[in-house]
Structures are given as structure tokens and as C-alpha cells.
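Please report on the two-chain model shown below. Keep it short, and give the cut-offs behind each term.

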Amino acid sequence: MGGWFAEATNWWFLLIAIFIAFAALRVVTATNVVHSALFLVAALAGTAGLFLLLGAQFVAWVLVLVYIGAVIVLFLFGIMITRAPTGPKVEVDNPRKGLAATAAVLTFAVMVYSSVSAFGHMEVTKVGTGTATELIGDQLMGRFVLPFEAVSFVLLAALVGGVTLARKDVPGEDVEEEQ
Amino acid sequence: MSLVQFLVLGAFMFSLGVYGLLIRRNAVMVLLAIELMLNAVNLNLIAFEAALRTAFAGGQIFAIFVITVAAAEVGIGLAIVLLIFRNRRSANVDELDVMRW
């Protein structure tokens, strides 16, 4: 364990990991929906920091742009439109916390046990040398072009579906279109 | 750095997501917990990519795919929550019992 603390990157990891753990804990325990969404921003920013540490610059900035820039704004709009409980006195959790905590702890135990027994010997090498964005672009347009197109179709379908679901039905509109 | 430290952090985030998914009543907060779980998966993908260093950067590309699908999921999910709120005046998942028999 002494050698673990000798590496400077491990200190960075520890700092960011504590930050992420605290923020993630507050996401699921905060009683205010807006606070919950903003703690998710903190958890995502910490994750982007870890991505930078692991040499995935492109994905880190995609995470910042797409998640912190767009998805959280969407969440805040959703919170405002549905008038979700934002006061401190509203009960936001259901009473079965013990069962939920048991399920979460068991999930954690199984995942930690299996990851340590299967990947305990593996090391993250070449920390600090990033993946060139050029490689990601080449691979997206080469080897992964079919999943890339499929995922773009999913995004288009989600866009159209979201508009269709969320728009208000105007009475008599279909009749006018038939004329 | 060892790989396990990232996997344990990812497992911790995922478990918190499971906990939040199970205890939250408001549908928007359930979606927030799901985002936490997806983020833990992304952390695992990037950590494995950094450990294995595949020639085609598969972990990073799949993390991008996960981010894309998560964005689509949030858009559709919030549209459905909005529709339910408009019809039932409530976005609490424990009050949505119309399909119970």
C-alpha cells in the first residue's frame, strides 16, 4: 500500500473519487430536486476529470458538453415543467428505504468481489498519454460506422418521438388536415 | 494506478444509482438515478480502455455511444413524464397505478 501513495496520479484519483462519492451520495439523498440535479453536475464533472486522468480527453469533453451542457438543462426544464417538489417539507422518498439499501449494498458487494477477483492484477499503464481524437474519428467512420449510423437513427427517432409525445393535441386539427 | 480502484468507484456509483432508483417517488428523480448508473458504466468503459489500450479505442467509442443513448433516453423519458404529469396531475411513480388490476 505504501507504493500506492507514492504515485502522484493516485492522489489525484483519491481527491476526485471522494468528490464523486460525496456528490453521488447527495444526488440520491437530497430532498430538493434541483439540488439533486446540481449534485449530478458535480458527479459528472468529477467523472470527466477522471477521464482526463485516464487519457480520454475527447470523451471527457463530450461528457461535459452533452451531459453538463445539455442533459442537465433538460432535467431542470423537466423539474420546472412538472412542478416537482422543491420545498424542504415534501416527502420525495418512499418508505421502503431498508430494502432499497439492502439491494444496493448487495449489488456493491457482488460487483466489488467479482472485479477484485477477476481484474485485481491489472494495472492502468501509460497514464497521461492521451488517445488521439483522430483515432476515434477514424474508428467511428471505419470499423464502427454501422453502430454509429444506428445510434444516430436512434437519436433522430428520440427527437421526433419527444416532440410528438410532448406537444399538446389541438382539438379539430386532424379534421382541418383532411380538408 | 491499478484498475480495481476505478472499478470500485464505478460499482459505488452504480449502487447509489440502484438505491436512488428504488427509493425515489418523483419520476424526474428516478431518471437522475438512472443517469448516475449510466455514468458508472462509462467510467468502467474508460478505465478498461486505459488498461487494455486497444488499437481501435473500443472503450472510448462505446462510452460515446452510451452518452448518445443516454441523451435519447432522457429526452424520451422526460417527454413521457411530462405527458403523465399533464394527464394525471402528478409525476410520482407510486401514484401511477392505472395499469394495476
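Which residue takes a positive phi just after H3(A)? A:Gly55 does, with a phi of about 85°.

This is a predicted model, in which local features need pLDDT of at least 70, side-chain atom pairs count only at pLDDT 80 or more, and totals for chains, interfaces and linings use all residues. Residues are numbered from 1 along each chain as its sequence is written, while chains are lettered from A and ligands numbered from 1 in the order in which they are written.

**Helix spans in chain A**

Helices are DSSP runs (H or I, at least four residues), numbered from the N terminus.

A residue is buried if 20 or more other C-beta atoms lie within 10 Å of its own, and exposed if 12 or fewer do; C-beta atoms are placed from the backbone. In H2(A), the buried residues are A:Phe13, A:Ala17, A:Ile20, A:Ala23, A:Ala24, A:Val27 and A:Val28. Seen down the helix axis, they fall within an arc of 140°, so they line one face of H2(A). That arc is taken from the directions from the axis to the C-beta atoms. A:Ala8, A:Trp11, A:Leu15 and A:Ile18 are exposed on the other side. The buried residues pack against H3 of chain A, and against H1 and H2 of chain B.

**Where the chains meet**

Two residues are in contact if their C-beta atoms, placed from the backbone, lie within 7 Å. By this test, 61 residues of chain B contact 76 residues of chain A. H1 (3–23), H2 (27–52) and H3 (58–88) of chain B each supply at least two residues of the touching side of chain B. H3(B) gives the most, with 20 residues. That side of chain B divides into 45 nonpolar, ten polar and six charged residues. Here Ala, Val, Leu, Ile, Met, Phe, Trp, Tyr, Cys and Pro count as nonpolar, Asp, Glu, Lys and Arg as charged, and the others, Gly among them, as polar.

Leaving aside neighbours within four places in sequence, B:Leu32 contacts A:Val27, A:Ser36, A:Ala37, A:Leu40 and A:Phe75.
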